[in-house]
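Student: I would like to work through this model with you, beginning with the charged pairs and then turning to the chain interface and the ligand. Could we settle the terms as we go?

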Amino acid sequence: MTILKATDVGISFGGVKAVDGVSFSVGSGQILSIIGPNGAGKTTLFNVVSGVYVASRGTIHLADEDVTGLAPHKLAARGLSRTFQNLQIFQRMTACENVMVGRHLREKCSLLPALFRTPSVTRQNRETRAAALDLLAEVGLKDFADVPAGSLSYGACKRLEIARALAAEPRVLLLDEPAAGCNAVETEEIDHLIRQVADRGVAVVLVEHDMKLVMKISDRILVLERGRPLAEGTPREVRDDPKVLEAYLGHHGAREAARA
Amino acid sequence: MRALVNHRILTLLVLAAMIAALPLIFPSSYYFRVASLVWVSALAAIGLNILMGQAGQVSLGHAAFFGIGAYAVAIGPAHLGVPPWAALFLGALLSAALAYLVGRPILRLKGHYLAIATLGLGVLVALVISTESRWTGGPDGMPVARLTLFGWRVAGSDTWYWVTGGLLLLGTWIALNLDETPTGRAFRALHDSEVAAQVVGVDVARFKLQAFVIAAVYASLAGSALAFMNGFINPDQAGFLHSVELVTIVVLGGLGSVVGSIVGAAVLVTLPQVLTVFHEYEHLLLGLIIIVAMIFMRNGIVPSLSGLLFRRARS
Ligand SMILES: Nc1ncnc2c1ncn2[C@@H]1O[C@H](COP(=O)(O)OP(=O)(O)OP(=O)(O)O)[C@@H](O)[C@H]1O
Ligand SMILES: [Mg+2]
């Protein structure tokens, strides 16, 4: 069942078409990867889909509802969660608190009980913290729960963002280069984690430069080049597509690869 | 967790013990008065610190709300026949309403632009207070009727010491409570990354507004307390210099630190009293001390000192 659907999405910055006529759809439990050279518009597409930017054309549907132009927090309330390529963690909060913020939508958040710290607030805090600790364990950051997030390593921050995004119990998860800066072991763990998340029925959209990872876990792959869709299909189809080889390796390299 | 339960209760206990013990070493009623001024400034600063230190939004016009609280308890009983205690709540309500109405459009602004917009709000309110002399007594100020609660006439510097000390305890308790709740976390989250807060579902505009309203109510209550205590009020309390003083207390004491606001208020209220022995050099020295403090404790007094202590303890 399709849960997220982007149709003919486009956005430009000062005349530069960063994303131009891109469509894709992803269903529950599926992993769709979006790949393409640097500057292809992958992050910009994520920004449009998650409501950070407003598209100049096209529509976004989330579970059959037209959510085009909706603010990010409203999209989050409808089950869309994401991570950022350029880390956006809450530096001055602990790792655990970062994930607790991720549960914002699952918490009751009225002001008066908060001011007077009613027992219900304390209880909820305890539950949220327990849930956050579970998620930290899942991404391998259990031992760093009470460390200020600002002092974590790059790879740890990447995983912290995943935990925070998962804390919202999303229906759709957008991951922007989750394995960047991670070593082979960590990449393996992330691979495992993404599969687990998808198996739970979450639709995952993955932007990633690690081709081994992408080819291994994607159900479908969308290739972008200079904001435009270049190819779409299963990992095998995309790998064998001469257009894709050309975009990645250049004209000459593509011919070499085809001969090999 | 940043503030464990123990830490929160410990802070309150130490503060309560300090408020209770200080009078033992006070040689004269003058000291009660100075300490009450510290408690009142600290109360306003704690509120402002929720806005600035937690939610990361600046207000350079916060004395406006202090002034509204102060003039509410002056004007209410004098011109409108409102009982003094009710005027205090009316002032707080009025401040909250103004913060809500003005906050909606201006909290969309960021950084310097927000600073200028809030500064404008402060100037505007101060201007209204000093020109509407029929109601406010204009630049000369106006007297404030004594507060009576259930027949008890609240008067005398030692009485006000306990009342303002109690208010400060209450304000501290609430601010510490807020820190470890979904609301407090939302404040701190949007401070660090608005976009990340948004994508996990935090309605950033709503929480900025909440922080602004909370800060306004704190300032308003502090203003009312000061007006009752002094029995007199003038427009300076709503003026730009007082706004700057509040921001200085918050930054000097430590952004985001509740205890810092109390320490900052203690320093900024008592230092001028101490420095009067230097006569004409008083202001010069005050400025110098603030500059030096900020150079050597750039995170503010309390966060810097506690950071130092922790490092010592670990090594
Ligand atoms: N806010 C913006 N203002 C102006 N130009 C922008 C903005 N955001 C993106 N762009 C431009 O849009 C194009 C696509 O950038 P984008 O970051 O989406 O690429 P990407 O595919 O994510 O690249 P990478 O693999 O390096 O992360 C680039 O040319 C970039 O300069
Ligand atoms: Mg990118």
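Tutor: A salt bridge here is a side-chain nitrogen of Lys or Arg within 4 Å of a carboxyl oxygen of Asp or Glu. Please keep in mind throughout that the model is predicted.

Student: With that rule, how many salt bridges does a search of the whole structure find over all chains?

Tutor: Side chains of opposite charge can pair when their charged atoms come close. Applied to the whole structure, over all chains, the search gives a total of 21 salt bridges.

Student: Why does the pair of Asp192(B) and Arg92(A) join two chains, and how far apart are the closest N and O atoms?

Tutor: Asp192(B) belongs to helix H8 of chain B, whereas Arg92(A) sits in the loop between strand E6 (80-82) and helix H3 (95-102) of chain A, so the pair joins two chains. Across the interface of chain B and chain A the rule finds three salt bridges. For the salt bridge between Asp192(B) and Arg92(A), the separation of the closest N and O atoms is 2.6 Å.

Student: Which helix gives the most to the side of chain B that touches chain A?

Tutor: The rule also finds ten residue pairs in polar contact across this interface, both residues being at pLDDT 80 or more. Helices H1 (5-25), H7 (157-179), H8 (182-192), H9 (194-199) and H10 (204-230) of chain B each supply at least two residues of the side that touches chain A. With eight residues, the one that gives the most is H8(B).

Student: What area is buried between chain B and chain A?

Tutor: In terms of contacts, 33 residues of chain B meet 34 residues of chain A. Carbon and sulfur atoms give 63% of the buried area, which is about 3,100 Å².

Student: Turning to ligand 1, how much of its accessible area does the protein cover?

Tutor: A polar side-chain atom of Lys42(A) lies 2.8 Å from an oxygen atom of ligand 1, and an N or O atom in the side chain of Thr44(A) is 2.5 Å from an oxygen atom of the ligand. Of the 630 Å² of accessible area that ligand 1 has on its own, the protein covers 63%.

Student: Which helix supplies the largest share of the shell around ligand 1?

Tutor: By class, the shell has four nonpolar, seven polar and two charged residues. Its largest share, three residues, comes from residues 42-49 of chain A, that is, helix H1.

Terms used: Residues numbered from 1 in each chain as written. Chains lettered and ligands numbered in written order. Predicted model: local features only at pLDDT ≥ 70, side-chain atom pairs only at ≥ 80, totals over all residues. Heavy atoms only, no water. Contact = heavy atoms within 4.5 Å. Buried area = accessible area lost by both parts, 1.4 Å probe. Polar contact = N/O pair within 3.5 Å; in protein donor to acceptor, adjacent residues only side chain to side chain. Helix = DSSP H or I, 4+ residues; strand = E, 2+ residues; numbered from the N terminus. Areas by Shrake-Rupley, 256 points an atom, 1.4 Å probe, with all protein chains shown as cover. Nonpolar A, V, L, I, M, F, W, Y, C, P; charged D, E, K, R; others polar.
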